[in-house]
Amino acid sequence: MIEFGRYEMDTWYYSPYPEPYASCTKLYLCEYTLKYFRKKKTLLRHLAKLDIRHPPGGGAGGAVTKPPISVFEVDGKKAKVYCQNLCLLSKLFLDHKTLYYDVDPFLFYVMCERDQHGYHMVGYFSKEKSCMEDYNLACILTLPAYQRKGYGKFLIAFAYELSRREGRVGTPERPLSDLGAVSFRSYWTRVLLEQLRNVKGDVSIKEMSDATMIRGQDIVETLQSLGLIKYWKGTHLIHADPRVVQEHWAKFAHQRVIEVDPACLHWQPLPAPTARKRP
């Protein structure tokens with residue numbers, strides 16, 4: 001069990017915290033620095049001395065919600081200890097998490113609720129700084145105390161908005177956790193149905209991908225599960241019967257969705273590495 005801010009959370013999996021912390025039945029974590037303690041009074045002393053009450057790094061974006069939310073971009077190389085602690089925390093709730101200490105190649109996008117006391121972490125996703133694949137997300141987590149609020153889908157949408165800024169389609173790194181797979185399939189389904197509701201006439205997989213930044217293969221698999229695509233003469237054709245689209249859409253119409261406002265996104269992609277000339 002951990003105490004994190006105003007919440008106590010039962011943990012789901014083992015995480016390789018160092019001894020003697022690994023042997024504790026309960027850990028106390030600072031929600032601003034992610035430092036961990038064996039005793040509540042030690043945490044309180046730490047908080048009393050703390051001046052900065054938000055993640056390291058700069059704000060990358062946010063959304064107008066109640067409470068307001070902000071996303072911070074944290075460089076694994078510049079804030080190594082924070083990012084390592086973030087990985088240790090996330091392993092408590094992710095079965096497939098394997099990255100703990102080699103955080104230098106990654107950027108971490110930490111989502112926080114904001115109030116008069118500071119910025120309270122609710123979840124995050126990580127992303128490789130330089131990736132030869134189409135991966136726009138390496139790992140994603142919404143803490144259990146903050147689930148079922150639409151935060152997971154907001155983080156996914158945020159990752160795809162970064163892909164849009166980069167000018168390339170994206171897909172999450174595999175394997176996905178069980179919760180991650182459900183969240184992505186739900187996000188893809190909603191976004192693609194919304195596109196199909198607004199399109200007039202035929203639309204291709206490429207056009208759908210360009211409009212949503214979702215990888216073509218993910219579009220094909222999602223539409224196949226909805227019965228909205230056919231395979232004919234060696235190619236996939238979208239068969240979007242408006243009645244069927246509307247039936248599927250009815251399942252999503254009342255879901256809470258936190259939109260990513262591009263105007264609130266203060267972010268530019270990293271410059272592409274330049275090739276070195278041979279001497």
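Just after α6, Gly227 adopts a positive phi of about 70 degrees. The structure is a predicted model, in which local features need pLDDT of at least 70, side-chain atom pairs count only at pLDDT 80 or more, and totals for chains, interfaces and linings use all residues. Residues are numbered from 1 along each chain as its sequence is written, and side-chain values use heavy atoms, with hydrogens and water left out.

I remain with helix α6, residues 216–226; helices here are DSSP runs of H or I with at least four residues, strands are runs of E with at least two, and both are numbered from the N terminus. Which residues of α6 are buried? They are Asp218, Ile219, Val220, Thr222, Leu223 and Leu226, where buried means under 20% relative accessible area, with a 1.4 Å probe and protein chains only. Their cover includes α4, α5 (205–212), α7 (242–249) and the strands β11 (171–172), β12 (229–232) and β13 (235–238), contact being heavy atoms within 4.5 Å.

I turn to the aromatic residues. Rings of Phe, Tyr and Trp (its six-membered ring) pair if their centres lie within 6.5 Å; planes under 30 degrees apart count as stacked, over 60 as edge-to-face and the rest as tilted. By this rule there are 13 aromatic pairs. One of them, Tyr109 with Phe125, is stacked, at 5.0 Å centre to centre and 20 degrees between the planes. This pair links distant parts of the chain, 16 residues apart: Tyr109 belongs to strand β7 (residues 106–115) and Phe125 to strand β8 (residues 118–128). Both Tyr109 and Phe125 are buried. A tilted pair is formed by Phe184 and Trp188, with 5.5 Å centre to centre and 50 degrees between the planes. Because they are 4 residues apart in helix α4 (residues 178–198), about one helical turn separates Phe184 from Trp188. Phe184 counts as buried because its relative accessibility is 1%.

Finally, the largest pocket. On a 1 Å grid over the protein atoms alone, a pocket is an open set of points where a 1.4 Å probe fits, with protein on both sides within 12 Å along at least five of seven lines; lining residues have an atom within 4 Å of a point. Of its 23 lining residues, Gln147, Arg148, Gly152, Lys153 and Ser183 lie nearest the centre. Two or more lining residues come from each of β10 (139–142), α3 (151–166) and α4. Which element gives the largest share of this lining? It is α4, with 5 residues.

Methods:
Buried < 20%, exposed > 50% of the residue type's maximum accessible area, 1.4 Å probe, protein only.
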